[in-house]
Amino acid sequence: MTEPPIDVIILGAGAAGLFCAGEAARLGNSVLVLDHAKRLGEKIRISGGGRCNFTNIHTQPTNFISQNPKFCISALKRFTPQDFLDRVNAAGIAWHEKTLGQLFCDTRAQAIIDMLMKAAAAGGAIVQGDTNIKKIGQEGTDFRVETSAGTYQCRSLVVATGGLSIPKIGATGFGYDLARQFGLEVVETRAGLVPLTFDGMILEAAKSLAGVSVDAEISCGRTMFHEGLLFTHRGLSGPSILQISNYWQRGDALSVNLLPSVDLASELSGARQHNGRQTADKVLVQHLPKRLVSQHLNGSDGWKSLAETGNKGLHALAQRFHDWQLYPAGTEGYRTAEVTLGGVDTRALNSRTMEAKSVPGLHFIGEVVDVTGWLGGYNFQWAWASAHAAAMGI
Ligand code: FDA
């Protein structure tokens, strides 16, 4: 049986879909949100270690990766981190800035889900989980949505089904397939904000150091991040690695500076003047964990006394810690990736309304679009901003 037409159907009850529902309903639209998952907003729930890093107060378009870097400017300008923070404050959710402009809930991420659900309900939007989307078609200018719970018709269809990351909690490529069905291009996807894997000696070293974390500067080409680095049983993780993974392509080298705040060559040379009989590790353990120092000095002149180590040797040691060249074997893939790079080609979308230029009434928002943020609350800010843009443009 076909239900009477609805103003807006939103596919996907994640961050972008739920926020869009509240915004569109507030503007007087009848709204139905459909999702195949039983538990809705699951990525919000697990985000930020369970506390949801819901925005970043320093958000700029340069914090996003896209084949069309200017696309995100309009939406981000019209719905800012402060705008979302105003909603969070109005909902009475306690929050704090952790670091680098990253805002987290003080207690549980569930508070954000509750806030989004309440806003949707307040405007009369219906949010329906456990519903499989079978087929999407068009009837004149309306859309026909065939689902396991019945067939619905709507004037505007908003696709907010996210990317491919963490299939275990319901991620699918549905949005990409739908974009293709309507003749839109999809920029090739790959796992982003993801740990990097290694093989051979580096893997063995990482395994032996699993659990050790340090502050490091990681570069790939001209892109550099200075944040934490974590050794794991599979390779390397931690914020700096997740950040650089968005820029790393198979075959690229990474340069790791394990001592970004130290001039190691001059420290070693000073230590040699003071006491030439000591070895480099005595200096290094003042800055780095002992296990890491021992592992990283393997096969070097670091075990000779500083007096025996010439200037060239000191510089080689400094280079070893300041410019550790690594070739990752790959990434852990969508299983653990926080986001999916690539997605619906923004050249086919109107940047003010997220509407497909060639299909009036069809909108794409959130992670399904080829706009991917850095680690640190940027991806949620994109979800809110793109959802707001679509709601205003319906
Ligand atoms: P999202 O993935 O949230 O929602 C998509 C919805 O569509 C889901 O409910 C899904 O079930 C549904 N769906 C998918 N396929 C479907 C189909 N075929 N039929 C019906 N429904 C379907 N970002 C950030 O800014 N700060 C943070 O702290 C974190 N932390 C974080 C931790 C972890 C572990 C992950 C995996 C990710 C993050 N992120 C993050 C990224 C952030 O969660 C992500 O960018 C947003 O949730 C994207 O919002 P969307 O609404 O676009 O997709």
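Axes here are lines fitted to C-alpha atoms, for helices over the stretch in contact, and angles run from 0 to 180 degrees between N-to-C directions. This is a predicted model, where local features need pLDDT of at least 70 and side-chain atom pairs count only at pLDDT 80 or more, while totals for chains, interfaces and linings use all residues. Residues are numbered from 1 along each chain as its sequence is written, and side-chain values use heavy atoms, with hydrogens and water left out.

Select H1 (15-26) and H5 (110-122); helices are DSSP runs of H or I, at least four residues, and strands are runs of E, at least two, numbered from the N terminus. The axes of H1 and H5 come within 7 Å and cross at roughly 30°. Now show the side chains in contact (heavy atoms within 4.5 Å). On the H1 side you'll find Ala15, Leu18, Phe19, Ala21, Gly22 and Ala25, and they meet Leu116, Met117, Ala119 and Ala120 of H5. That makes nine nonpolar, one polar and no charged; Ala, Val, Leu, Ile, Met, Phe, Trp, Tyr, Cys and Pro count as nonpolar, Asp, Glu, Lys and Arg as charged, and the others, Gly among them, as polar.

**Stop two: a buried strand residue**

Jump to Leu362, in strand E20 (residues 362-364). Leu362 counts as buried because its relative accessibility is 0%, and buried means under 20% relative accessible area with a 1.4 Å probe, protein chains only. Not counting residues up to four places away in sequence, Leu362 touches Phe143, Leu157, Val159, Phe182, Met354, Glu355 and Ala356.

Note on methods. Buried < 20%, exposed > 50% of the residue type's maximum accessible area, 1.4 Å probe, protein only.
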